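Subject: Structure for your files

Hello,

Here is the structure, as promised. My notes on it follow below.

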Amino acid sequence: RTPTDQKRVEIRSTVRASLSAVASMIVSWNPADTYLRIRRSDLLSSLKHYWKYDSSTLASGVDALLVYLSVDDDRKTATGPDDLRKLSDETVALRKRSGV
């Protein structure tokens, strides 16, 4: 191997370790706020490109997205009796974004 190839191998292994750490942090993050759940859903959906090469966090990530598909509304936005039957806009957005 040439020194350039050795450097590429070192960089590649460093990048893989960093990506693995980021993926683990995204999957383990469990926000309570609906807006942060939407952000997490976006981050999880971007991991689909990473999961092609390393599927170690795939099952947990897919499970989180499936949970978000059936998430209950926190009803902070409900104002009247008719609103009790509707989902808030935030919950609808979360469900849509989780259905990657």
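**What was found**

Ser41 is buried, at 0% relative accessible area (buried means under 20% relative accessible area, exposed over 50%, partly exposed in between, with a 1.4 Å probe and protein chains only). Ser41 sits in helix α2; helices (H or I, at least four residues) and strands (E, at least two) are DSSP runs, numbered from the N terminus. Leaving aside residues up to four places away in sequence, Ser41 touches Leu65, Tyr68, Leu94, Arg97 and Ser98, where contact means heavy atoms within 4.5 Å.

A word on how to read this: it is a predicted model, in which local features need pLDDT of at least 70 and side-chain atom pairs count only at pLDDT 80 or more, while totals for chains, interfaces and linings use all residues. Residues are numbered from 1 along each chain as its sequence is written, and side-chain values use heavy atoms, with hydrogens and water left out.

**Overall**

The protein has five helices and zero strands, in the order α-α-α-α-α along the sequence. Of its 100 residues, 25% count as buried. Among contacts between residues at least 6 apart in sequence, 55% join residues at least 24 apart. The accessible surface comes to about 7100 Å², and carbon and sulfur atoms account for 55% of it; accessible areas come from the Shrake-Rupley method with a 1.4 Å probe, and for residues only the protein chains shown count as cover.

**Helix α5**

Helix α5 covers residues 89–98, and Glu90, Thr91, Leu94 and Ser98 are buried there. Seen down the axis of α5, these buried residues fall within an arc of 100°, so they line one face of the helix (the arc is that of the directions from the helix axis to the C-beta atoms). They pack against α2 (34–46) and α4 (58–69). The face turned away from the buried side of α5 carries the exposed residues Asp89 and Lys96.

**Surface and loop**

Leu58, Val62, Leu66 and Leu69 make a nonpolar surface patch of about 300 Å². Patches are made of residues with over 30% relative accessible area and no salt bridge, with like charges joined within 9 Å and nonpolar side chains (Val, Leu, Ile, Met, Phe, Trp, Tyr) within 5 Å; a salt bridge is a side-chain nitrogen of Lys or Arg within 4 Å of a carboxyl oxygen of Asp or Glu. Leu66 lies in helix α4.

Ser55 is in the loop between α3 (48–51) and α4, and counts as partly exposed at 47% relative accessibility. Ser55 and Ser20 are 35 residues apart in sequence and 9.8 Å apart in space, C-alpha to C-alpha.

Regards
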